[in-house]
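Please read them with the model open.

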Amino acid sequence: MRYRFVHLLLGLALAIGGLVAGSPPAAIAHPATTACTTTHHDGFAMWPTKANDWNLRSRSGFQRDLLAELATEARANGIKFGVYYSIWDWHNPLFTSDFPAYVTQMKAGISPDIIINNRVGKRRAVDGDYGTPEQALPSGPPSAQLEESCMTINDTWGYAAWDTNFKSPATLVRNLVQLTSTSSNYLLNIGPTDTGAISTGQANALKGVGDWMARNGTTIYGGGFTDLVAQPGWGRVIRKGGKLYLVVYGNWGQTIHLSTKARLTLTGARVLDTGAAVTLTRSGDGYDLTPTGASTSAIANVIEADLSVPGAAPAGTGTGLKAEFWNNTTFSGTPVVTRTDATLNYASRYGGSPGPAINTDNFSSRWTGSIQPRYSEQYTFTTASDDTVQVWIDGKLVVANTTPHAPAVDQGSITLVAGRRYDIKVEQTENGGEAFLKLIWSSPSTPAQIVPASQLYATAGRTHICNDNASGVTYSGGWNVSSFRGLGDYADDVHYSTANGSLFTYTFTGTGADLLTEAYSDEGDVDIYVDGIFKTTSHLAYGARLPQVVAYSATGLAPGTHTLKGVKVSGTYMLVDRLDVTS
Ligand SMILES: [Ca+2]
Ligand SMILES: [Ca+2]
Ligand SMILES: [Ca+2]
């Protein structure tokens with residue numbers, strides 16, 4: 001790392017990507033943000049700092065304020081202006097003579113609103129505010145921390161006359177597309193010459209990106225990861241709200257196939273650049289799309305498709321979970337602190353704990369209440385923890401890492417129903433040294449994020465998950481049980497029938513119930529009745545095999561005993577997998 005930056009006096013980096021919405025005006029590569037290296041480990045300031053004379057103005061004949069000019073120019077062009085500042089300063093005498101005093105001095109100068117990347121620590125998921133993969137393209141979305149990949153246009157960060165190994169516009173565009181499809185930012189480095197000029201090789205690369213962005217930038221700004229579809233071999237897919245952007249790398253004009261991973265409908269499609277028609281047909285586990293018109297880019301052409309997915313529940317009204325802390329690692333006795341925590345996002349590190357009354361070491365934490373998903377989807381829960389962690393949803397252990405550990409990222413998944421509230425319990429223990437706990441969730445429609453307070457409640461959940469063999473469920477008309485299919489069934493089992501007219505009846509006490517089952521090509525329609533009254537016909541035929549989809553939700557019933565009934569109407573199979581009940 002060190003050698004790379006020794007000779008770097010000015011590195012201007014362009015961050016292009018999904019974290020910033022909006023379309024800047026035409027520019028060489030349409031950056032959304034810039035990050036100018038104002039000082040690196042050598043401590044040499046590119047602005048006329050008053051702190052010392054180790055800066056551009058004092059040490060050269062260059063008397064203008066470079067950063068002020070860059071800031072003015074960036075803002076005039078609608079580009080967010082940022083600066084990169086290295087907290088390592090070899091020029092500061094304290095750095096070598098008294099490092100703890102140096103750290104204290106650095107901390108004293110930090111604004112609470114500043115963004116700190118993970119190089120403040122050891123580039124772990126618990127360090128800083130975001131991750132910084134270097135010269136690398138992550139294959140999937142970040143799980144425990146936002147990420148920004150930094151990369152050079154050639155092979156060197158600073159200007160190097162001998163380094164002419166410039167990446168092609170195609171490589172840069174496809175890097176940008178891949179990063180956007182994983183909800184990562186792209187920080188692309190420029191090393192200007194000693195006169196501030198951008199070399200022809202770098203300029204040509206940026207011009208190529210700019211040309212592509214001028215036609216297809218809608219794909220990038222505000223776009224991000226989607227798990228609604230499988231990433232294809234012919235390119236990448238990016239989601240932005242109600243649109244999917246299918247970035248096609250080659251063979252333009254041929255029919256491409258999009259495999260779906262969730263129940264969705266594409267209602268229209270067109271070529272983004274030209275508006276030319278795209279033929280859209282359901283096929284197999286998804287859609288076939290055939291564009292018309294000539295290719296307008298040898299790098300990549302983009303199809304814009306209109307996306308319809310089952311509706312989201314409105315944002316919740318929660319304020320967080322009940323939090324209890326003990327000054328022992330065994331949750332024993334009366335908690336020393338009981339309060340409501342809006343989110344679970346703690347970095348106690350060496351000297352701290354979640355509260356003044358809580359030990360720095362040897363404490364335990366428990367959060368309880370309920371969690372309310374906004375989508376009927378499979379949710380992945382991610383924890384970043386030290387020393388131990390366990391997460392239960394509706395009493396089921398979803399995440400567990402109970403061997404005391406250094407900061408670790410752990411995950412587990414469970415399918416939830418939109419708008420319902422399920423019990424959640426999170427336990428963490430701290431023995432010694434650092435202590436961390438983050439609770440993150442993601443789903444096909446939810447980018448990985450700290451679970452927001454609006455979806456957390458300090459009171460118990462009212463929805464409980466019941467298996468297809470639960471008491472209260474009766475089957476008539478020829479049913480069998482299939483277990484261990486390994487296809488994602490709840491409890492790895494389902495009831496199934498092949499006879500039209502077969503039915504199940506679920507008698508429950510509460511205000512609502514949900515039928516979850518499989519959607520697949522060999523399934524058909526199920527008529528749904530609540531309290532004996534026909535409600536709807538649920539269509540479960542779908543090209544892709546999707547476990548635990550919500551076939552019907554009964555909501556808002558008067559408190560009391562009710563029945564939910566499903567009758568097989570068509571298709572080869574009818575399956576019953578899971579029944580949730582809301583009291
Ligand atoms: Ca500690
Ligand atoms: Ca620890
Ligand atoms: Ca089941």
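The points below cover a helix pair, the nonpolar core and some backbone details of this predicted model.

1. Helix α6 (residues 169–181) and helix α7 (residues 200–216) have axes that come within 8 Å and cross at roughly 55 degrees. The two helices are therefore oblique to each other. The crossing of α6 past α7 is right-handed. On the α6 side the contact uses P169, L172 and V173, and on the α7 side A205, G208, V209 and W212. Sorted by class, this contact has 6 nonpolar residues, 1 polar and no charged ones.

2. V173 also belongs to the largest nonpolar core, which has 116 residues. V173 is listed among those with the most contacts inside that core, along with Y245, L246, V247, L289 and I303. Leaving aside residues up to four places away in sequence, V173 touches V209, W212, I299 and A300.

3. D386 and D387 are joined by a cis peptide bond, with omega about 10 degrees. D387 sits in the loop between β18 (377–386) and β19 (388–393).

4. F331 is not a glycine, yet its phi is positive, near 60 degrees. The loop between β14 (321–326) and β15 (337–341) holds F331. F331 counts as partly exposed because it has 14 C-beta neighbours inside 10 Å.

5. D531 is another non-glycine residue with a positive phi, here about 50 degrees. D531 is in the loop that runs between β32 (525–530) and β33 (533–539). Is D531 buried or partly exposed? With 14 other C-beta atoms within 10 Å, D531 is partly exposed.

Note on methods:
Residues are numbered from 1 along each chain as its sequence is written. Chains are lettered from A and ligands numbered from 1 in the order in which they are written. This is a predicted model: local features need pLDDT of at least 70, side-chain atom pairs count only at pLDDT 80 or more; totals for chains, interfaces and linings use all residues. Axes are lines fitted to C-alpha atoms, for helices over the stretch in contact, and angles run from 0 to 180 degrees between N-to-C directions. Helices (H or I, at least four residues) and strands (E, at least two) are DSSP runs, numbered from the N terminus. Angles under 35 degrees count as roughly parallel, over 145 as roughly antiparallel, 65 to 115 as roughly perpendicular and the rest as oblique. A crossing is left-handed if the near helix is turned anticlockwise from the far one by less than a right angle, and right-handed if clockwise. Two residues are in contact if their C-beta atoms, placed from the backbone, lie within 7 Å. Ala, Val, Leu, Ile, Met, Phe, Trp, Tyr, Cys and Pro count as nonpolar, Asp, Glu, Lys and Arg as charged, and the others, Gly among them, as polar. A nonpolar core is a set of buried Ala, Val, Leu, Ile, Met, Phe, Trp, Tyr and Cys residues joined through C-beta atoms within 7 Å. A residue is buried if 20 or more other C-beta atoms lie within 10 Å of its own, exposed if 12 or fewer, and partly exposed in between; C-beta atoms are placed from the backbone.
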